[in-house]
Amino acid sequence: KEVVPMGIKVSKRKTQKHLEPRQWNKFISNKKTILIDARKPFEYKVGTFKGSINPEINNFREFPHYLKKLDKKQSIAMFCTGGIRCEKASAYLKHKGIHNVFQLEGGIIEYTRQVKEQKLENNFLGKNFVFDQRLGERISNEIVSNCHQCGAPCDTHVNCANESCHLLFIQCDDCKRQMNNCCSEECKDIYALPYEEQKALRKGKGNSNKIFKKGRSNNLKYKIS
């Protein structure tokens, strides 16, 4: 029933003001503006706008609890990948009587496109996480994250090659070679087995909950907190 599940009904007509990239750059340059990255932590860690803060929530249903902590008197700038989450979050804020909230029109995707087209200053650092086989689109040359296995500068998301795990995490090329595309020695051993044996081990079992951990497995020394 909800494209972005928050568990709260708000009217879309209550969404806040949208800013184009040129306006956005000027607005977020004000040190008094609270700049919120409304995405999940694993997205935020590989790329975000300069000076942004992240609620560190793993389910959007938790977002209203975070928003209660905000100072109603300060100006708030909010952004996400394509603008959809911000539509819901900004509508909720307005519903709660917070009116000085602005959101990035079209999200990071549209910002990137217009910055290139209009030759504007780019204030986004690193990669924009995308939900296709690429798992990331580079926007600037800065690497703002690290390999979850060795700590080296890296912002490449991968899925563990062991299909019974399939954990999403960040892995550098060196660790990829050493670990055979896996997140742990246990998964590496399983992945080394003949495919039919791997299938037999998975038979009758549901998906591993690691699939949903997105970089928070205890197997990862430099995991996202």
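Modeller: The cut-off for a disulfide is 2.5 Å between the sulfur atoms. Move on to Cys 172 and its closest cysteine sulfur sits in Cys 175, again at 3.7 Å and again too far for a bond. As for cover, Cys 150 is partly exposed, at 34% relative accessible area, while Cys 172 counts as buried at 9%. Search the whole structure and you find zero disulfides. Keep in mind that this is a predicted model.

Now for the setting. The protein chain has eight helices and nine strands, and 48% of its 225 residues are buried. Take the contacts between residues at least 6 apart in sequence: 59% of them join residues at least 24 apart. The accessible surface is about 12500 Å², with carbon and sulfur atoms accounting for 49% of it.

Next, the rings. The whole structure holds eight aromatic pairs. One of them is Phe 42 with Phe 129: the ring centres are 5.0 Å apart and the planes stand at 90°, so this is an edge-to-face pair. Phe 42 belongs to helix α2, whereas Phe 129 is in the loop between β6 (124–128) and β7 (137–138), so the pair ties together parts 87 residues apart in sequence. Both partners are tucked away: Phe 42 is buried at 3% relative accessible area, and Phe 129 is buried at 2%. Ring pairs also link up a cluster made of Trp 24, Phe 49, Phe 79, Tyr 111 and Phe 124.

Some of those names come back when you look at Arg 39. You'll find Arg 39 in the loop between β2 (34–37) and α2 (41–44), and with 1% relative accessibility it counts as buried. Setting aside neighbours within four places in sequence, the residues in contact with Arg 39 include Phe 79, Phe 124 and Phe 129. So what else does Arg 39 contact? Also among them are Tyr 44, Gly 47, Thr 48, Asn 54, Cys 80, Thr 81, Ile 108 and Arg 85.

Arg 85 leads us to helix α4, where it is one of the buried residues. α4 covers residues 84–95, twelve in number, and runs 17 Å from its first C-alpha to its last, close to the 16 Å expected at 1.5 Å a residue. The helix is mostly covered, with nine of its twelve residues buried. Besides Arg 85, the buried residues are Cys 86, Glu 87, Lys 88, Ala 89, Ser 90, Ala 91, Tyr 92 and Leu 93. An α-helix has 3.6 residues a turn, so residues three or four places apart point the same way. What covers the buried residues of α4? The cover includes strands β1 (17–19), β4 (76–79) and β5 (101–104), along with helices α2 and α3 (63–67). Just after α4, Gly 97 takes a positive phi of about 90°. And α2 is the helix that holds Phe 42, which brings us back to the edge-to-face pair with Phe 129.

Conventions:
Residues are numbered from 1 along each chain as its sequence is written. This is a predicted model: local features need pLDDT of at least 70, side-chain atom pairs count only at pLDDT 80 or more; totals for chains, interfaces and linings use all residues. Side-chain values use heavy atoms; hydrogens and water are left out. Helices (H or I, at least four residues) and strands (E, at least two) are DSSP runs, numbered from the N terminus. Buried means under 20% relative accessible area, exposed over 50%, partly exposed in between (1.4 Å probe, protein chains only). Contact means heavy atoms within 4.5 Å. Accessible areas come from the Shrake-Rupley method with a 1.4 Å probe; for residues, only the protein chains shown count as cover. Rings of Phe, Tyr and Trp (its six-membered ring) pair if their centres lie within 6.5 Å; planes under 30 degrees apart count as stacked, over 60 as edge-to-face and the rest as tilted. The expected span of a helix is 1.5 Å times one less than its number of residues.
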